[in-house]
Amino acid sequence: MSNKIGEGKTIILGMPDWFLYIEIKERLESLGFEVIGIPFTSQFTYKNLGSRIKNFLRKNLFNDKTYKNRLKYEVTGREITNTINSISSPLDYALLIRADYYPKEIIQLIKQKAKVLLGYQWDGIERFPAILESTSLFDRFYVFNPHDLNHYEHLLPLTNFFIESNSSSNHTSIDVYYVGSFIRKRMDQLISLGNFFRNKEISSHIHVVTGNQKKLELYKDSSITVTSQYVNYQENLENLHKAKVLVDLLDDVHNGLSFRVFEALGNNKKLITNNKEIRFYDFYRPENIYIIENENFDGLLEFIQSPYVELDQDLVHKYSFDNWIKYVLQISPYQQISLPKIS
């Protein structure tokens with residue numbers, strides 16, 4: 001049976017261009033979709049000092065985290081607008097991921113060009129509440145944070161996903177792997193983990209990225225690697241395949257599960273995390289997922305040394321991008337994706 005679920009179908013894909021845009025577009029095309037891409041670019045500089053100051057004031061005095069995005073769209077959005085205007089007849093779907101990057105009037109324009117308009121917010125609503133001004137425009141709007149479902153009845157549940165890899169390598173050369181940008185509140189826990197791994201002679205690659213020279217200097221002798229060297233998505237996947245265990249640390253702004261969780265799931269990797277709510281998901285197995293609690297690493301060494309417990313492949317496939325997109329677009333057959341009820 002052909003897996004070309006998108007054969008003969010057209011889709012507008014709008015999302016930030018700095019994470020997974022290329023990979024998602026390519027996967028959609030491999031599934032048979034004709035993809036019209038309208039990525040929101042990261043390339044932006046303020047026109048002048050006044051624009052920079054105005055953004056600072058709106059962000060810090062009025063909690064307006066969308067003003068900079070509006071400035072960005074003024075500078076970089078002309079190509080997006082031209083692309084949308086050039087669509088002469090309605091396409092089958094439009095999928096906007098992090099739609100808060102797009103002005104409301106542009107979302108309205110996209111809605112005119114697609115039979116079905118879908119949105120997915122892979123950041124918490126509390127962090128970027130301005131998106132609520134636009135959710136009513138969508139035929140279906142999905143969120144990954146279970147707590148958002150408690151407050152907004154019109155939102156639908158969805159998790160992140162993994163994109164199936166072509167790698168057949170099963171060779172592991174390091175025990176534990178983590179890569180992430182510098183976030184101050186994560187550093188103490190990362191260093192504690194680094195110290196634990198070093199003391200227990202566990203090979204680890206904990207890679208924190210920052211362009212701040214003072215931070216590079218501050219952590220140069222720590223048990224983790226703090227560097228200005230960016231790790232792209234393909235490099236990250238290569239490192240991931242070499243590791244036995246992945247590390248994922250929660251962003252306190254939300255409790256939704258990050259992509260690292262699903263990368264672990266899709267690649268049969270064990271996971272160390274401080275997200276306690278992961279135990280409410282159907283794929284949670286304590287043999288495969290170690291939850292850090294009370295800054296205590298009891299049993300962690302034994303966890304790392306024990307083998308991965310294979311899961312039912314139907315359960316794993318449920319969180320693949322292929323099932324994810326079928327669920328979002330409602331193309332049968334698919335497995336429904338839900339979020340746990342958490343008060």
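Biologist: What are the ground rules for the values?

Modeller: It is a predicted model, so local features need pLDDT of at least 70 and side-chain atom pairs count only at pLDDT 80 or more, while totals for chains, interfaces and linings use all residues. Residues are numbered from 1 along each chain as its sequence is written, and side-chain values use heavy atoms, with hydrogens and water left out.

Biologist: How many helices and strands does the protein have, and what makes a run count as one?

Modeller: There are 13 helices and 12 strands. Both are DSSP runs numbered from the N terminus: helices are H or I with at least four residues, strands are E with at least two.

Biologist: What makes β7 and β8 a pair?

Modeller: Two strands pair if DSSP finds at least two bridges between them. Strand β7 (residues 174–181) and strand β8 (residues 204–209) have six, in the parallel sense, so they qualify under that rule. Among the bridge partners, Val-176 goes with Ser-204 and Val-179 with His-207.

Biologist: And how do you know that β8 pairs with β9?

Modeller: By the bridges again: three of them, parallel. Val-208 stands opposite Val-226 in β9.

Biologist: Which strands make up the open sheet, and in what order?

Modeller: The order is β9-β8-β7-β10-β11-β12, six strands with parallel pairing. β9 (225–227) and β12 (289–291) are the edges: each has a single partner strand, so one side of each lacks a neighbour in the sheet. On average, neighbouring strands of this sheet are turned by 20° against each other, direction ignored.

Biologist: What packs on that sheet?

Modeller: Helix α7 (residues 184–199) does, touching β7, β8, β9, β10 (243–248) and β11 (270–273), and its direction makes about 160° with that of β8. Helix α10 (residues 259–266) packs there too, touching β7, β10 and β11, at about 160° to the direction of β10. Angles run from 0 to 180 degrees between N-to-C directions, with axes fitted to C-alpha atoms, for helices over the stretch in contact.

Biologist: Why is the β7, α7, β8 unit called right-handed?

Modeller: The name applies if, with the strands pointing away from the viewer, the path from the first strand over the helix to the second runs clockwise. β7, α7 and β8 make such a right-handed β-α-β unit.

Biologist: What makes β1 an enclosed strand?

Modeller: Buried means under 20% relative accessible area, exposed over 50% and partly exposed in between, with a 1.4 Å probe and protein chains only. Five of the five residues of β1 (residues 10–14) are buried, so the strand is largely enclosed by the rest of the structure. Thr-10, Ile-12 and Gly-14 point one way, Ile-11 and Leu-13 the other. In a regular strand the side chains alternate between the two faces of the sheet.

Biologist: Which strands pair with β1?

Modeller: Strand β2 (residues 34–37) joins β1 by four parallel bridges, with Leu-13 opposite Gly-37. The chain gets from β1 to β2 through helix α1 (residues 21–30), in a right-handed crossover. Strand β3 (residues 91–97) also pairs with β1 in the parallel sense over four bridges, and there Gly-14 has Leu-96 as its partner.

Biologist: How do you know that α5 has a buried face?

Modeller: In helix α5 (residues 104–112) the buried residues are Ile-106, Ile-107, Leu-109 and Ile-110. Seen down the axis they fall within an arc of 160°, so they line one face; the arc is taken over the directions from the helix axis to the C-beta atoms. On the other side, Glu-105 and Gln-112 are exposed.

Biologist: Why is Val-261 called buried, and what does it touch?

Modeller: Val-261, in helix α10, has a relative accessible area of 3%, so it counts as buried. Contact means heavy atoms within 4.5 Å. Leaving aside neighbours within four places in sequence, Val-261 is in contact with Asp-248, Leu-271, Ile-278 and Phe-283.

Biologist: And what about Asn-323, buried or exposed?

Modeller: Buried, at 2% relative accessibility. Asn-323 sits in helix α13 (residues 321–329). Beyond neighbours within four places in sequence, Asn-323 is in contact with His-317, Lys-318, Tyr-334, Gln-335 and Ile-337.

Biologist: How much of the protein is buried?

Modeller: Buried residues make up 53% of the 343 residues.
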